[in-house]
Amino acid sequence: MWVAEAGEKVSAIGRRMQFFEVIERRQSVRAFASRELEPEKLSALLEAVRLAPSAGDCQAYEIVVVQEPSGKAALAEAAYGQEFVARAPVVLAFVADPGRNVEKYGDRGASLYCVQDATIAAAYAQLATTALGLASCWVGAFDERRVAAALKASGSFRPVALMPIGYAAETPMRPPRRSLGEIVRSETFDRAAKG
Ligand SMILES: Cc1cc2nc3c(=O)[nH]c(=O)nc-3n(C[C@H](O)[C@H](O)[C@H](O)COP(=O)(O)O)c2cc1C
């Protein structure tokens, strides 16, 4: 249905609606079917991520694709025992690389932009999984040093997000969101300034 439509030519409005459908359908899934992930879906996902913006186009991040059971188990352990990480067919690790932008942007690049680059890449990946009919969960609660060790990432590399990906074996409840009235301010933080 909507996944099959992804390859079809649609009007500009149709394309836009499809994007918002992806946004609406994405949910954190923590139970995965035993079905393997097709390599062509993984490639399509990674290609989508490659198009993500980054500060100064430095693309200051790396992605580690972890599929070996021992590697996934090490990541699950480093994520304080979040076992569902190990049960996904694929885990992507998004790792910031300060070495790629420190020369151009100094401390702001090394401490912030590379983390933002990796975060944006992970956000693209998560939406792409949904668009491909897959499911995922962003995992940020982990011991950075243990994740880096599991990935054999030495030096200044900084793991930012883990993302187990596979086919959903659950339909989670939708957690609530704050209202726009709560989140969005007009012009400044000073609400009293209004009217
Ligand atoms: C930065 C970040 C860190 C997160 N870390 C974890 C995590 O360690 N474990 C987990 O199960 N979910 C984690 N999540 C998923 C959130 O719990 C989830 O996005 C949130 O509850 C909203 O649910 P939804 O994604 O289904 O809309 C994380 C999400 C983000 C953005």
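Helices (H or I, at least four residues) and strands (E, at least two) are DSSP runs, numbered from the N terminus. This is a predicted model, in which local features need pLDDT of at least 70, side-chain atom pairs count only at pLDDT 80 or more, and totals for chains, interfaces and linings use all residues. Residues are numbered from 1 along each chain as its sequence is written, and side-chain values use heavy atoms, with hydrogens and water left out.

- Gln59, in the loop between helix 2 (39–50) and strand 1 (61–66), has a positive phi of about 50 degrees although it is not a glycine.
- Gln59 counts as partly exposed because its relative accessibility is 33%, where buried means under 20% relative accessible area, exposed over 50%, and partly exposed in between (1.4 Å probe, protein chains only).
- Glu187 is not a glycine either, yet has a positive phi of about 70 degrees.
- Glu187 lies in the segment after helix 7 (180–183) and is exposed, with a relative accessible area of 77%.

**Buried positions**
- Asn101 sits in the loop between strand 2 (90–96) and helix 5 (102–131) and is buried, at 0% relative accessibility.
- Leaving aside residues up to four places away in sequence, Asn101 is in contact (heavy atoms within 4.5 Å) with Cys58, Ala60, Gly106, Gly109, Ala110, Tyr113 and Cys114.
- Ala93 belongs to strand 2 and is buried, with a relative accessible area of 1%.
- With residues up to four places away in sequence not counted, Ala93 touches Glu62, Ile63, Val64, Leu151, Ala161 and Leu162.
- Between Ala93 and Ala122 there are 29 residues of sequence separation and a C-alpha to C-alpha distance of 8.7 Å.
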